[in-house]
Every structure is written in C-alpha cells, then in structure tokens.
Amino acid sequence: NLSACSSKLAFMHPMWQEPLAIPGGDRQSPIDIVVRKSVFDPQLRPLKVQYDPRTCQQIWNNGYSFLVEYDDTTDKSTVKGGPLEDQFRLCQFHFHWGENNAWGSEHSIDRRLFPAELHLVHWNSDKYSLFEEAVIEENGLAVIAVFLKIGKRHEGLQKLVDALPAVRHKDSLVEFTKFDPSCLLPENIDDYWTYAGSLTTPPLTEAVTWIVMKRHIEVSHDQLAVFRSLLFTSAEEQVQRSMVNNFRVQQAVKGRTVRSSFT
Ligand SMILES: NS(=O)(=O)/N=C1/NCCO1
Ligand SMILES: [Zn+2]
C-alpha cells in the first residue's frame, strides 16, 4: 500500500543533496495536505488565468526537470485572483515524476501521491521587474500545481512529449513555440488548496504562494514513459542517469494553515 511505498521512499536517494542551511526553514515545500485540517476560506476568489501561447519560447533540460519557458517581459501570460493580491507573470512550467506510477508528485493529499505533478511558475509583476528579484521576496512567486494521473492520452501534452527527445541531455535546448499551457489545467480550477511555502528546487527560497489544484489531469502511460527517457546527465558524461524521482522530500508543515477554496 502507499504507506509502505512512502516508507520505501524514505530510503530512496533524494534527487539532490539537501543544503545544510535552508533560508528561514519554517515555510518549506512540498508538504502533505491533510484535507481535514485545511480551512475553507470563503474570501478566496476564483483564479483568473490568462495565457498567450505566442509567449512560449523554448524547452530545455536543466538537469532537474525539463522547463518550457515563456517570454515574461510583458504581462501577456498572467494569473491573478484566488489568494493573490497582485498580478503574477508566467515564466516557465515543468514537472516532477517518479520511476514508476506509484509515486512522483511533490505534494500529496492525505498521503496520496500521484505519478507526476505540473508546476506553472509565476512572479509578482506588480511589485518586481524580474523573476530574479521576486524569487527572494515572501510575496514574490505563485506556483500552480496540478497532479497527473495515468489514464487517457492527453492530446494537448503530445506536442510537448514529441519535443522531449531533442532535450534528452542536461543543458540541451530547443525552440518551442505556440504552446498554450492552459490546456494542462483541469476543467475546474476553482477548487484548490493554497498555503505559504517555498521553491522545491534551489534556491528553495520561501517566496511561493502555492495553489494546488484539487482536480487532476490524465496523461497516458506512454506519455509519462517519455518523461522517464530524459537524462539528468549531459551528453559528455560517461555515466548516463535517467531523469526520474526528481521530487523533493516532503517538509514539516510547522503550524502553517492550508486554506481551501471549496467545502
Ligand atoms: N519546483 S519549484 O518549486 O517550482 N522550483 C522552482 N525553482 C525555480 C522555479 O521553480
Ligand atoms: Zn517544481
């Protein structure tokens, strides 16, 4: 059962060495969301997502995941509303996944792990002028997380899946355009949990308002298998290592409240 799987997880090598000193350390991510401890907040408004596929630029393998990067020099692809006071600009999206379908997500819901998790990363363009500035501010970033389940083939994802062999190795990059990431959102984006957390990959800064979708999307077994054909290693390295289990170990909630937009 999953509890055994999660204990097995405890012995697995985390994707990378956890740093000795973590910035702040009391609002780290990811976490397990305990549904019965989450608090319904009627003041949470619907999310307003506005993505322009023309801002999609490239896809590359950064040695942690593959990133689809967007032109964030103007407010063309943005998210606002929900728990957010300001407008946030999309800069990239990426995924985390496992070596098999039993685990792979970073967050869990009542300890339930999913085979993969999508992160749409945005920065506060009302208050800052660059991602690099926003990344160290407590209200600097907003990440929308969507769980992936194995099921029917996701037609919108296939264009991305077909581009992955071109970025198999760390530091490889290809042009990738006209991709509308809203096709990766569930139909219902009004039901979500939200909490104050951090990036789950370096710099791990405590700058993120997390918005974790209650509804998942479905991708096919074969589509997720292509994610696992990516490599952590660059073309020059002798030993090639499959890019799998690229999730961070879960962190202590430390008294934080997770709010829900739904009852
Ligand atoms: N997994 S995550 O929290 O989205 N991490 C990052 N790091 C840079 C941008 O997003
Ligand atoms: Zn991520």
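**View 1. Histidine 119 faces a nitrogen atom of ligand 1 at 3.4 Å, through a polar atom of its side chain.** This is a predicted model: local features need pLDDT of at least 70, side-chain atom pairs need 80 or more, and totals for chains, interfaces and linings use all residues. Residues count from 1 along each chain as written, chains are lettered from A and ligands numbered from 1 in written order, and side-chain values use heavy atoms, without hydrogens or water. Histidine 96 also has a side-chain N or O atom 3.2 Å from a nitrogen atom of ligand 1. For threonine 201, the distance from a side-chain N or O atom to a ligand 1 nitrogen atom is 2.9 Å. Such polar contacts are N or O pairs within 3.5 Å. On its own, ligand 1 exposes 290 Å² (Shrake-Rupley, 1.4 Å probe). The protein buries 92% of that area.

**View 2. Strands E7 (88-97) and E9 (116-124) are the elements that each give two or more residues to the shell around ligand 1.** E7 supplies the largest share, three residues. The residues around the ligand (a heavy atom within 4 Å) include Gln92, His94, Glu106, Val121 and Trp210. Leu199, Thr200 and Pro202 are also among them. By class, the shell has four nonpolar residues, six polar and one charged.

**View 3. Phenylalanine 66 and tryptophan 97 form a tilted aromatic pair.** Their ring centres are 5.8 Å apart, and the planes make an angle of 40°. Phenylalanine 66 belongs to strand E5 (residues 66-70) and tryptophan 97 to strand E7, so the pair ties together parts 31 residues apart in sequence. The structure holds eleven aromatic pairs. Rings pair with centres within 6.5 Å; planes under 30 degrees apart are stacked, over 60 edge-to-face, the rest tilted.

**View 4. Two proline sites show cis peptide bonds, one from serine 29 to proline 30 and one from proline 202 to proline 203.** At the serine 29 to proline 30 bond, omega is near 0°. Proline 30 sits in the loop between helix H1 (2-11) and strand E1 (32-33). At the proline 202 to proline 203 bond, omega is near 15°. Proline 203 sits in the loop from strand E12 (192-197) to strand E13 (208-213). Proline 202 is also one of the residues around ligand 1.

**View 5. Aspartate 171 has a positive phi, near 75°.** Aspartate 171 is a residue other than glycine. Its loop lies between helix H3 (158-163) and strand E11 (173-175).

Conventions: Polar contact = N/O pair within 3.5 Å; in protein donor to acceptor, adjacent residues only side chain to side chain. Helix = DSSP H or I, 4+ residues; strand = E, 2+ residues; numbered from the N terminus. Nonpolar A, V, L, I, M, F, W, Y, C, P; charged D, E, K, R; others polar. Phe/Tyr/Trp six-rings, centres within 6.5 Å; stacked < 30°, edge-to-face > 60°.
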